[in-house]
Amino acid sequence: MEYWQPEIETMPRKQLQELQLKRLKKSVNAVYKNVPLYRKRFDDAGLKPADVRSLDDLKKLPFTKKSDLRDTYPFGMFAVPLQQCNRLHASSGTSGKSTVVGYTKKDLETWADLMARCFYMVGVRPGDVFQNAANYGLFTGGLGIHAGAERLGCVAVPAGTGSTQKQIEMIRDFGVRVMHCTPSYALYIAETCKKMGIEPGTLPLRIGLFGAEPWSANTRVQLEKSFGIKAYDSYGLSEMMGPGVAFECTEQDGLHIWEDAFIVEVLDKNGEQCAPGEKGELVLTTLLKEALPLIRYRTGDITMIMKDECPCGRTSVRLNKFYGRADDMLIIRGLNVFPSQIEHILMDMPEVGEYFQVVLERVNHMDEMTVRVEMSDKAFSGELGDLQKVTGKVTKKLKDSLNLRTKVVLVEKGSLPRVEGKSKKVIDMRTAI
Amino acid sequence: MKGTIKQISLFAENKPGRLAKIAESLSKAKINIRAFTIAEAGDFGVIRMVVDDPDRAYKNLQGQGFAVSETEVIAVQMEDVPGGLFKIANTLGKGGVNIDYAYAFVTRSDLALLILRVDDNAKAIKVLKDAKINLVDVDAIVNI
């Protein structure tokens, strides 16, 4: 068995917990000292950082939610001055404001190491040509994965998204051995290969790293068979840094979450700790982050901690497959979208009403989103061209804000169902990947 | 504007039963449709019509929840003989008036009625009048 950071990856649990406690105290001190929102919440609860004496004391600490990041936009949760940050990433927020995350130089190093640890774990080695077909913008999957590949000593190919034919040519011509993308895009690549007259199994790929959206055991079989690869699941979220939070090992049975960097809780609806094997919401506390330490962050992802030790020898706990979300967040082409984001965009446009319906379908393995909006009578000029302008404007606004191509369909006023609750505004016809 | 008439435009989804719903509302309100056309663009379309009582039609359809608008258009009498349309279109073309869209129907007399949506109503009225082409007003529409 080979490890990237053997002393940490195989650290006995008792020692690991001691390390966690030491680091937790540091994180708690940092947020209390530097983040007004945390100081207030601690004070309101009558807590001082010194009250954290054991890992069990974590339970006393207040939760952090995505809305906290939004409410303190852009840098209100940062525990260091902005000038000490080395990079910012951002994801589109639920009500127009994006969620901004920052990294110090050391944070970026930690992140690259955690990523390298994941890659090494599944057999990626220095010198491997590593193609990253993720968006290289504010999305953490681009630069985050890239830095990990470089840290490990791979030949990183920042392919980005799109131009599928070119992606395939690069895999073939550059001798790409490791590929990272969403599982649905991998399926699409396999199909495109066949259309180009290339048998996907003849490509040099040996390892596929797939993340940003949930996928099934069937898809794993399908991807492994068609490319002749081993396929591994990746989990992350930008609030925790990005990808690299948890990753499958070669056992392909659950995702190891790096407990030297995060404290893992899985909580039920009442906020009580779930026993291993019981489903609940994943709640994470950062232990190594300087710029944006977060205490008991509610990820919204539903999972469970697996009971047994892993034969791979790593001592960190494993998370089972993810079972969905605790909220109404949608994952569309690997991007996170809340229905409230769409609502917020439409509300600012007098041409359309506030009522909308999102229809999600899967066409050629890729997610397609149709947004149906009601035409406002006030803005109706009677000219066909003006209606097309409205459609174009809504499409552009959604693209600008969500970074997603959507099909916008204007419908008659009053024709969409009036329902309580945002999730009912979404008709998800996608079958599982 | 003098010389123009009001056209009613409706936003409608391109699906079965929508036109019937609109026609039914107007029928119940005893509003008579004089001329009528549908322009479609994929998932939706615009229904345009000239009726005998545009203001009542507007209120009625709006009350039913439709997105409705009124547009000033020009109605001209056209001889129902070969060359009838040419004469009008040629007059406007030479006068530098662009026709955005048009639709026509034949009346019980020997005349046809042409509804024109142009880029410049005032200019269109002037060149048509100069060419001695008859414009039709609201009263005439009611009495067809």
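Two strands are counted as paired here if DSSP finds at least two bridges between them, and in this predicted model strand β10(A) is joined to strand β11 (residues 280–286) of chain A by six bridges, with the two strands running antiparallel. One position in that pairing can be named: V266(A) has L282(A) in β11(A) as its bridge partner.

**Two open sheets in chain A**

Another open sheet of four strands in chain A has the order β19-β18-β17-β20, and here the pairing is mixed. Why is one side of β19 (406–411) and of β20 (426–428) of chain A left without a neighbour in the sheet? Both strands stand at the edges and have a single partner strand each, so one side of each has no neighbour in the sheet. From one strand to the next, the twist averages 20°.

Within this sheet, strand β18 (residues 366–375) of chain A pairs with β19(A) in the parallel sense, over six bridges, and V371(A) is found opposite V408(A) in β19(A).

**The contact between chains A and B**

Chain B contributes 23 residues to the contact and chain A contributes 19 residues. The area buried between the two chains is about 1,600 Å², and carbon and sulfur atoms give 56% of that area. Which three residues supply more than any other three of the area that chain B buries against chain A? They are F11(B), E13(B) and F44(B), which supply 34% of that area.

**Enclosed and open spaces**

Rolling a probe the size of a water molecule over the atoms shows where empty space is left. Over the whole structure, the search finds five cavities of 30 Å³ or more.

| Space | Volume | Lining by class |
|---|---|---|
| Largest cavity | about 70 Å³ | eight nonpolar, one polar and two charged residues |
| Second largest cavity | about 50 Å³ | seven nonpolar, no polar and two charged residues |
| Second largest pocket | about 600 Å³ | 11 nonpolar, six polar and 10 charged residues |

The largest cavity is lined by residues of chain A, among them Y103(A), W111(A), M240(A), F262(A) and K289(A). Helix α5 (residues 105–121) of chain A gives the largest share of this lining, with four residues.

For the second largest cavity, the lining is made of I5(B), K6(B), V50(B), V51(B), D52(B), P54(B), V138(B), I141(B) and V142(B). At least two of the lining residues come from each of β1 (5–13), β3 (44–51) and α5 (138–143) of chain B, and α5(B) gives the most, with three residues.

The second largest pocket has a volume of about 600 Å³, and among the 27 residues that line this pocket, those closest to its centre are R13(A), Q17(A), E259(A), I305(A) and V317(A).

**Backbone details in two loops**

Two positions in chain A deserve a look at the backbone. The peptide bond that leads from Y73(A) to P74(A) is cis, with omega near -5°, and P74(A) is placed in the loop between α4 (66–71) and β1 (85–91) of chain A. Where does S163(A) lie, the residue that has a positive phi of about 45° although it is not a glycine? S163(A) is in the loop that runs between β4 (155–157) and α7 (164–174) of chain A.

Conventions
Residues are numbered from 1 along each chain as its sequence is written. Chains are lettered from A and ligands numbered from 1 in the order in which they are written. This is a predicted model: local features need pLDDT of at least 70, side-chain atom pairs count only at pLDDT 80 or more; totals for chains, interfaces and linings use all residues. Side-chain values use heavy atoms; hydrogens and water are left out. Axes are lines fitted to C-alpha atoms, for helices over the stretch in contact, and angles run from 0 to 180 degrees between N-to-C directions. On a 1 Å grid over the protein atoms alone, a cavity is a set of points where a 1.4 Å probe fits but cannot get out, and a pocket is an open set with protein on both sides within 12 Å along at least five of seven lines; lining residues have an atom within 4 Å of a point. Grid points are joined across faces, edges and corners, and a volume is the space filled by probe spheres set on the points. Ala, Val, Leu, Ile, Met, Phe, Trp, Tyr, Cys and Pro count as nonpolar, Asp, Glu, Lys and Arg as charged, and the others, Gly among them, as polar. Contact means heavy atoms within 4.5 Å. Buried area is the accessible area (1.4 Å probe) that two parts lose on being put together, summed over both.
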